[in-house]
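Here are my notes for you on this one. Keep the viewer open and click along as you read.

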Amino acid sequence: MRMHKEMTNAEVARLLRGVAAAYEIKGKDSPNTRFRVIAYERAADSIERSTVEVKDLWEDGKLGQVPGIGTSMAEYLDELFKTGKVRHFEKLLDSLPEAMFELLDIPGIGAKRAYKLVKELGITKAHGASEKLLRLAEKGRIRTIEGFGEQSEKEIIDAIQGVYRKTKRFLLPFATEVAENILEYLRKNPRVKRADPLGSLRRCVSSVGDVDISVASDDPEEVIKYFTAYKNKSEVIESGEHTASILLPNGMQIDLMVQPPDTYGALLQHFTGSKEHNVALREYALKKGMSLSEYGIRFLQKSKVQKSKFKSQNYNAKLKIYQFADEKSFYNSLGMEWIPPELRENQGEIEASIEGELPSLVEVEDIKGDLHLHSNFLKDTSHDEGANSIESMVEEADRLGYEYLLFTEHNPKIDEQEEKIMDVLRRKKEYIDKTNYSRENRSGKRVRKVFNGLEIDIRPDGEVALPDRAWDFLDFAVVSVHSSFRGSRDKQTKRILRGLEHPKAKILGHPTGRRIGEREGIEVDWGEVFEFCKTNDKWLEINSWWDRLDLPDILVCQAIKVGVKLVISTDSHATDQMVLMRYGVSVARRGWAEKGDIVNTLGYNDFTKEVRI
DNA sequence: GCCGTTTTCGGCCCGACTGTTTTCAGTCG
């Protein structure tokens, strides 16, 4: 396995997984090996999930912040980043065939099987090891190895071929919409008592692999029959007693699980995850003498918990397990508050829940205005024009119950003559002033204000793409990066801070610039940007656009800790996109945001005080 | 090797599935 100084998180994680595999094979005799392997795997998971580069943390002397990295691991990483290698790891890895490590990527093959396959089949070249394995499998060579058979040979073939196929992930808004159609269909059946999304979809992770759904019903057979009869499917993959899977024409797999209403709570809890949340929850319960599973809670003999708390619960004497109809009673029985699914990532929510200090998360209903809207009023803008009129977007805002809006068409192309730019912006201001006047008086019931803004490019050097005197036409504006996404952290940080210089540059739009599945965002010293925003009253946007969802949840969490104010906006380019606000809200919730952290939850009067215009 | 609301020592999540197994090992989520 290659090591070098500039290792990314993914590479470090891969290295640690390799070390875990090596220990699994070499340390058979030592009783502690099992846990050492787990420790390395946990550290790898933790590093892979971290949005901050571990190398940067190391430079700042903050390696200890990463969960799962203790004194030994920190010393090894220190050696790795300093010298480009870890002698201890090299010694361990060099004594094993290099080819086995590539096989670890194949589902169903772990350390032991990878080692055995490579040894028995004499695969020596590390590069292309899985292709070689595939060819040998197709020749029927694997079934001859002790511990393998025809079945496992076939599985290995499927798995290797599948590696190159099954990588597709779906964006949250898309998966949610598909799932909701199916949930709606299921709920129409009178035998369905409850139907819920599970897994990453329920936790509102920004992209999801497959869609899992659970149903509470006393008649699983009937529900499965009904589910597999869903019209908009391309095939039924599997249909059993309690579970079934269908495939949709777009390639999305929908897995269904049916359970009786009495035991539905533990099931919902278990399959909502995350894995890390569940592991931490079970470890906590274990210390109190309780064992948790998808079936309920079982008491260990040494348990000191008062079982009186459980009196109201269903006790299944045969299975010796307490069963739960809903999640709330499950968590409550552990002495905890119910934890919103968005928080279940083992990021401190368990501790907060025990202390009764869970945040009161922001909700869609709290939002009082949309601050990023593209109408079709301006032509020849630097990027996409909106599809609909200001009027139609204002009508939609009324329907959504908003009290104010900010129109933020892209700035006019900068190479136009300055007088021309001034002209169109003057016309827009006059139009909005006029419209507001008539609407406020006519409505009678509620004041609704339309603010005049723009979304202005921050150019590579940090200058904004607008003539200085044009700012006078605007109430306040969004500034955003739309180009030059590479570039050093230092340069990009300076660029952002300069872009926010003007007092009316109030909001930093889609701050990282990422497009999920397309490109990474810009590299920025977020700590510095957060401090700047806090001191200078700038707001960071959580953009609800389906493949942006930007700020990402983890940065939301960090920003809030510093005390930075955020806004949630849709970046709508058409009227029917304004309902996408819920996805921005879900990002905020995953970042532990409360109503008070989000500026556009303020009513009109408080908002104008906050924006100071 | 990590970690602390019983612990700085002594623990370490839980169950399903699969295969080659006559009682368990490996892998996964």
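1. Let's start where two domains meet. Domain 3 and domain 4 share two salt bridges, a salt bridge being a side-chain nitrogen of Lys or Arg within 4 Å of a carboxyl oxygen of Asp or Glu. Side chains of opposite charge can pair when their charged atoms come close. Arg 589 makes such a bridge with Glu 342, and the closest N and O atoms sit 2.6 Å apart.

2. Some housekeeping before you go on: this is a predicted model, so local features need pLDDT of at least 70, side-chain atom pairs count only at pLDDT 80 or more, and totals for chains, interfaces and linings use all residues. Residues are numbered from 1 along each chain as its sequence is written, chains are lettered from A and ligands numbered from 1 in the order in which they are written, and side-chain values use heavy atoms, with hydrogens and water left out.

3. Where are the domains in chain A? The assignment gives domain 1 (9-163), domain 2 (170-259), domain 3 (265-355) and domain 4 (364-611); such bounds come from an automatic or database domain assignment. The centres of domain 3 and domain 4, taken over C-alpha atoms, are 42 Å apart. Eight residues from domain 3 and four residues from domain 4 take part in the contact, where contact means heavy atoms within 4.5 Å.

4. How much area do domain 3 and domain 4 bury between them? About 520 Å², with 58% of it on carbon and sulfur atoms. (Buried area is the accessible area, with a 1.4 Å probe, that two parts lose on being put together, summed over both.) On the domain 3 side, Glu 342, Leu 343 and Glu 345 lose the most area to domain 4, together 76% of what that side buries.

5. Now look at the DNA. There are 43 residues around DNA strand B, and Gly 149, Gln 151, Arg 282, Glu 283 and Glu 355 come nearest; "near" means that one of a residue's heavy atoms lies within 4 Å of the strand.

6. Helices here are DSSP runs (H or I, at least four residues), as are strands (E, at least two), numbered from the N terminus.

7. Most residues other than glycine have a negative phi, and most peptide bonds are trans. Yet a cis peptide bond joins Gly 273 and Ser 274, with omega about -5°, and Ser 274 is in the loop between helix H13 (264-272) and H14. Another cis bond joins Asp 550 and Leu 551, with omega about 15°. Asn 346 has a positive phi of about 55° although it is not a glycine; look for Asn 346 in the loop between helix H15 (327-333) and helix H16 (349-355).
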